[in-house]
Amino acid sequence: MIYLDNAATTRPDAEAVEAALPYLHEQFFNPSALYSGGVAVQGELRRARASLLSYLGDGAKLELVFTSCGSEADDHAIFASARRGNAVTTAGEHAAVFQSFTELKNRNVEPRFAPLHKDGSVDIDALLTLVDEKTTLVSVVHVNNETGAVNDIASIARAVKAKNPRCIFHSDGVQAFGKLPFRLTNDIDLYSVSAHKIGGAKGTGALIKRKTLALAPYIFGGGQEGGLRSGTENVFGIMLFAAAAKKKFASIDADFTRLKGYREKLFSLLEKDIFARISPEDGTPYILTVAAKNLRGEILQRLLSERGVLVGTGSACSSKHPTSRVITACGVGKEYINGVLRFSFSPQTTEGDILAAADAANGAARELYARTARS
Amino acid sequence: MQKVIIIRYAEIHLKGKNRGYFERVFSVNLERALKGLKHELHRLSGRYLVACFDENRTEEICERISRVFGVHSYSVGLETGTSMGELFEAAKVVCPQEGTFKVDTHRADKKYPKTSMQLNAEVGGYLLSQFPALKVDVHMPAHTVYLDIRENATALVFSKFEAGVGGMPVGTSGKGVLLISGGIDSPVAGYMMAKRGMSVELLHFHSYPYTNDGAKEKVKELAKELARFSHSARLTTLNVAHIQEEIHAKCAPELNVTLLRRFMYRLAEKFARSIGGQCLITGESLGQVASQTIEGITSSNAVVTLPVLRPLIGFDKDEIIAISRRIGTYETSVLPYEDCCTVFLPEFPAIKPKLSFVEEEEGRLDVERLMEEAFASKEVYDLNEI
């Protein structure tokens, strides 16, 4: 099996799992317990927290709240920040942000959605026109999970703050963390990340915040995570997250360069009369999104799966949701809108995988044309 | 004194000399419904008694009984001796402590030393002495305490009748093959026929790779939900993707659906004959969609000789949805998976296909070969294991 759906989830890193296993077995104590076992685990959590923060910025200025997933981090950031006025985001957000913004309507906050460029990145000028003195929150995804387009959130945050210094700036960094070399700037108040996109386990995420930002709690209870997110900590998941991130960040630049080469190689091997490119060249090297002419991505995905290659798709074969919201917002043409395929890579991806995937995609598309032709 | 559930059956008493057979099937179905829960099932004259069960699971047992076709009503009550002391004690347990009430005695044991009227008066008097807030009203009582004096010196005492699902025991009215899609209608059609005592075999057509495994999982889920009533044991699936491809490639586009349905009927009949099925069951409702017109139905019917039962033919969608909600299949039915991919859907399907045109277009296809191919894709799922 060739797994190229790493933007959906990655295989947990075996070494990182090994390193975290003691926290499932011997060191199973509740970190809030006052005997030495509990205190020791608490210390380990503190170190894990500090090491995760160190990849993104100055630990003295930042705080990290562990959550159950990236979506929880997004929801916490949004509902704790957008309490009145309006809130601005983009049409290219992951559902965790997009649906939360839609829900803001029911909480008397006006959601505003900025349009996208063809590659899935946000139209910054349009976004800025939506920001006014009543804006309480601006949320811009760092890497678009469907097209791989990268938004320059440092510049966007600076421009937003220049227009309204009091609003809070959040970014969903789930597809960027551990993949793009990047440091949080002072204009970015909140940043969401997730473990299972970089070799950690599902069920662990984090919300990173500027220390000086006051945020309302998301789960009330025993006061864990500085009172912002109560509930006994997912110690194993967190230790695995820290170990996976350590490994991932150690090779972040080398992976970046190599995968960029793979991404271009894959696109060059895809037949151009079938596949059109959606991902921009300056997007994340981890994602190549293409669209097949007059075919359905979901069916292609199944034919690829029969050929041993697992990829993602942008559309579902459903009359209720025939096309992806984000891909539609990118303005992809009618012939291509249903045919979206997303190849997403990990450091484990090999050149052989790329060659096989291109072969399978070309073959599957040709097969589908033949099977659905009218004589 | 022990807690029991009294089950009364519907219609079975109408069946004259076949009654023994109906009762046997009914008790097998009750046992199957209660499988996995500790209990004893006793047959009394005209009713069944569930005893020796875990009282903490009474609600669960009642829930399961309420789904068995043939159950007219049931009551949770007490089985006790027939001495006055025992009757008093049991009546006190089942009787509410306030409001209007009466006592209603039935004596199967005609040798019992007291008459029904005497028992009503004595037990009623005792209850009044115990619960001062009670008041007798023999015409419109809010509560009735029923005493059923059995012949073996036992009595059943209860105060409520719960309605059963009615119908006839599944297995007493032959065997049919339900064409189950992932939609709202077909599970309801299966429910209706099971209610009339038919054993329902489930057959689903998919068109992988044009439909996905999520759609198949949804049908499995629906099949399991329906099986709570119908006790269907299996779900069989056939892949019709290649048939769709051939129709799409060779025939008039407006007939895509009509022709596919003819294949589905043929395949269903072939399947039915292979398992001793006596009819096909579909969820069609007249005029609901383009293929469910009388012309559409005529063109499908023309390819089979087994009867096709359409229990929903005269139902409105709202009525079907109401049943679907009641039997608990609605929520699964509306999950967003397509049972038939839109790839091959014509823009303008023929609403009134002429049979001669349909047959002419079908003539372009190798029907026998396509049938064999589809039949070879058969997969069978045991509903107890999914």
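**Exercise 1.** Which domains does the domain assignment of chain B give?

*Solution.* The model is predicted; local features need pLDDT of at least 70, side-chain atom pairs count only at pLDDT 80 or more, and totals for chains, interfaces and linings use all residues. Residues are numbered from 1 along each chain as its sequence is written, chains are lettered from A in the order in which they are written, and side-chain values use heavy atoms, with hydrogens and water left out.

Step 1. Chain B is assigned domain 1 (2-163) and domain 2 (175-382); such bounds come from an automatic or database domain assignment.
Step 2. Between the C-alpha centres of these two domains of chain B there are 44 Å.

**Exercise 2.** Describe the contact between the two domains of chain B.

*Solution.* Step 1. Six residues of domain 1 of chain B touch seven residues of domain 2 of chain B, where contact means heavy atoms within 4.5 Å.
Step 2. About 670 Å² is buried between these domains, 61% of it on carbon and sulfur atoms; buried area is the accessible area (1.4 Å probe) that two parts lose on being put together, summed over both.
Step 3. The count of salt bridges between the two domains is zero. A salt bridge is a side-chain nitrogen of Lys or Arg within 4 Å of a carboxyl oxygen of Asp or Glu.

**Exercise 3.** Describe the contact between chain B and chain A.

*Solution.* Step 1. Chain B contributes 17 residues and chain A 15 residues.
Step 2. The two chains bury about 1,500 Å², with 48% on carbon and sulfur atoms.
Step 3. One salt bridge is counted between chain B and chain A: E245(B) pairs with R371(A) (2.5 Å, N to O).
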